[in-house]
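Here's a quick briefing to read with the model open beside you. It goes through the pocket first, then the aromatic contacts, then a few helices and strands.

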Amino acid sequence: MKRVCIFVCVMGLLLPGSLSGQAAAPVVDEKSGSAKNSVSVYDRHHQPLRSFLSGEEMYQLPVPLHEMSPWILSAVVSAEDRRFYTHRGVDPYAVLRAAWQNIRARKVVSGASTITQQRVRMQEKLPKSFWGKIREARGALGLERRLNKDEILQDYLNDVSLGNLTQGMQAAAQYYFGVNAADVSLAQAALLAGLIQAPTRLNPLQNPQGALARRNYVLQTMLKNKIITRDLYDLALSEPLGVQKGRRPFDAPHFMQFLFQQNLPSLVRSTLDKDLQLYAEKALQNHLRALTKNNVTNGAAVVLDNASGDVLAYVGSADFYNEFHQGQVNGVTALRQPGSALKPFVYALALQNGLTAASLLEDKDTFFEGGFRPRNYDESFHGLVSVRKALANSYNVPVIKAAEPLGAARIWQFLQDLDFKSLNKPADYYGLGLALGGGEVTLLELANAYATLARGGILRPVVFAREPQLQTDTPVKRVMPENIAYIITHILADNTARADAFGLNSALHFSFPAAAKTGTSKDYKDNFAIGYTPRITAAVWVGNFDASSMQKVSGISGAAPVLQDILSYAHQKYPGENFAKPYDVFSALICEESGLLAGEKCTHRKEEVFVAGTQPTHFCDGQHASAGKLKISFPVKGDVFTYDPSISAVGQQLHFQSIGAKEPCVWKINGHPVPGDKAEMWFPLKKGRFDVELSCGTERDISYFSVY
């Protein structure tokens with residue numbers, strides 16, 4: 001009798017199992033750390049974004065057991081191993097039954113592998129031999145000692161092959177039915193359970209009748225095992241097969257390329273918001289269509305959560321599949337010239353070193369060290385302007401005036417502190433031109449720097465995934481005082497202050513508290529728009545990856561409308577209050593034209609914000625030049641210029657300007673009247689000493705300069 005038992009048990013172990021789990025699932029090589037499993041990426045709300053094929057060319061979307069429909073669990077256990085919850089890894093009754101049936105039929109007609117044994121075979125890729133079956137049984141007994149039943153079943157249901165490159169119930173449910181594993185019906189669960197036996201032969205896309213017959217068989221076993229009632233059985237039996245070839249998600253392709261360069265586990269919970277991601281992609285595409293006539297072919301956008309540093313949206317190009325316009329180039333990490341987008345940080349440093357938002361800077365035609373001669377976007381100059389006006393309207397000469405006392409080295413170091421790692425050349429390579437965006441940075445660096453302003457001066461790493469934690473190596477640190485960050489934000493949110501350059505109804509005007517800035521590089525090759533609320537920061541770039549120039553498209557006309565669209569949608573999803581004013585920032589009424597406290601005679605008053613102790617202490621008496629006193633603002637008395645014969649004479653002209661003038665006016669050079677009656681004029685540069693006189697009505701002013 002003992003020999004018969006041994007013979008029967010060995011015969012059962014020799015049997016090839018229950019014709020299920022034919023393809024072994026790939027596993028992670030823990031020694032090398034390489035991801036042999038399929039990698040599945042979800043967004044922050046658990047929506048699937050992308051699956052990468054495993055080393056065995058399979059798609060897998062692992063989910064916990066509680067995120068699978070109970071019908072799946074019941075159907076699989078009923079069809080594959082109805083005593084799963086009572087045996088200890090090997091089912092002796094099933095072994096005896098299979099052995100007896102196979103002996104009688106003189107061929108393999110029945111198997112005996114439990115779900116636990118099938119799981120071991122998936123993991124270890126055991127051969128279908130005598131010793132393979134022995135190892136399978138021994139492994140199953142050991143697995144049951146290490147894991148509980150739910151853990152074993154969860155691993156099995158996530159790894160089992162179900163045809164069409166799908167591995168696991170979640171991937172199969174989405175592919176065949178377009179739903180998550182949690183939402184499948186009884187009939188759908190029975191179909192998925194039935195595919196385990198022979199996923200290729202029973203492929204429902206190619207053999208719907210075979211798949212339907214197997215589904216109905218599984219339903220019969222569930223009825224027989226009293227898992228479902230007759231009514232449920234009849235209802236499920238009447239349900240059509242309902243299979244359709246599903247779309248495998250392929251969202252945020254540039255973000256996924258970036259993630260896949262990391263060492264990823266099989267399941268990644270990214271920081272992306274899928275709805276916001278898809279909206280940002282569409283918004284960029286829609287606005288770029290209107291700019292095609294201006295030779296604008298591409299763009300990029302990124303949205304950050306200020307408090308956490310999480311990336312909420314990451315759009316690397318307008319069309320990932322457009323090879324003609326280099327759609328696979330990643331515009332979020334590409335190096336581009338930011339133009340005026342760096343100005344807020346120059347002013348932030350200047351405010352820490354003596355300037356206030358009310359300080360006056362001279363916007364006039366100026367030669368700086370090395371022959372550097374910045375021009376404004378509107379090709380004109382504006383005389384004395386406050387820091388607020390200069391930054392809000394993005395004037396170029398004033399920011400260089402603010403940068404000059406600081407020096408290129410201090411500005412460069414401050415930008416390094418803000419994590420602009422792309423500015424990796426020495427400070428003297430960039431010079432003061434750095435204040436006008438004369439370097440190359442990434443859109444992601446810009447976004448995080450502006451998010452630092454929104455956070456009140458706190459720099460944080462950019463976070464791409466929470467499970468596992470994937471983020472930049474940026475340390476959390478304060479890089480500027482909270483009061484300075486607030487004042488810069490207050491200026492960038494001042495729609496009235498920027499009206500001179502952009503108008504009151506520009507794309508930078510939001511219906512909710514938001515600060516924004518644009519930037520356009522030389523020759524219109526790049527333009528940027530960055531905006532932020534207390535909760536989120538969005539940054540947009542538009543241009544061409546082949547570095548060709550756009551046709552007169554600036555940040556306000558190119559990137560800003562895209563920013564307006566994306567930031568408005570993001571604010572709906574992540575609403576915020578107003579920017580919190582620090583305790584040591586207060587307001588004072590000042591005269592815009594003098595920068596002093598407003599006196600009784602001042603007609604241009606404005607409430608300005610100051611860090612405590614930096615506000616002006618004297619009152620304006622109304623006797624400043626722009627209130628009526630004529631003054632030549634350029635050239636200033638004693639200015640010295642250099643004539644360069646290698647440069648065209650057209651490019652070497654001085655723009656004479658004045659303030660307090662009431663036209664008509666008369667200019668005289670060395671006593672000789674110059675044709676025209678305007679309060680400004682252009683003077684062709686030539687060597688010599690020149691006396692300048694301006695007369696407007698009864699008022700007169702003089703100046704002089706030299707050219708060498």
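**The pocket**

The largest pocket is lined by 34 residues, and Arg 375, Tyr 377, Asn 396, Thr 520 and Ser 521 are the ones that lie nearest its centre. A pocket here is an open set of points on a 1 Å grid over the protein atoms alone, where a 1.4 Å probe fits and protein lies on both sides within 12 Å along at least five of seven lines; lining residues have an atom within 4 Å of a point. Bear in mind that this is a predicted model: local features need pLDDT of at least 70 and side-chain atom pairs pLDDT 80 or more, while totals for chains, interfaces and linings use all residues. Residues are numbered from 1 along each chain as its sequence is written, and side-chain values use heavy atoms, with hydrogens and water left out.

- Helix H20 (499-502) and strand E14 (515-520) are the elements that give two or more residues to the lining of the largest pocket; helices (H or I, at least four residues) and strands (E, at least two) are DSSP runs, numbered from the N terminus.
- The volume of the largest pocket is about 1000 Å³, taken as the space filled by probe spheres set on grid points joined across faces, edges and corners.

**Aromatic contacts**

- The count comes to 23 aromatic pairs, with rings of Phe, Tyr and Trp (its six-membered ring) pairing if their centres lie within 6.5 Å; planes under 30 degrees apart are stacked, over 60 edge-to-face, and the rest tilted.
- Tyr 279 and Tyr 569 are stacked, because their ring centres are 3.9 Å apart and their planes at 5°.
- That pair links distant parts of the chain, with Tyr 279 in helix H12 (residues 274-290) and Tyr 569 in helix H21 (residues 559-573), 290 residues apart.
- Phe 656 and Phe 705 pair edge-to-face, at 5.8 Å centre to centre and 80° between the planes.
- Phe 345, Phe 420, Tyr 450, Tyr 532 and Phe 579 form one aromatic cluster.

**Buried elements**

- Nine of the eleven residues of helix H19 (residues 482-492) are buried, so H19 is largely enclosed by the rest of the structure; buried means under 20% relative accessible area, exposed over 50%, and partly exposed in between (1.4 Å probe, protein chains only).
- Among the buried residues of H19 are Tyr 486, Ile 487 and Leu 492.
- Strand E2 (residues 48-52) has five of its five residues buried, so E2 is also largely enclosed by the rest of the structure.
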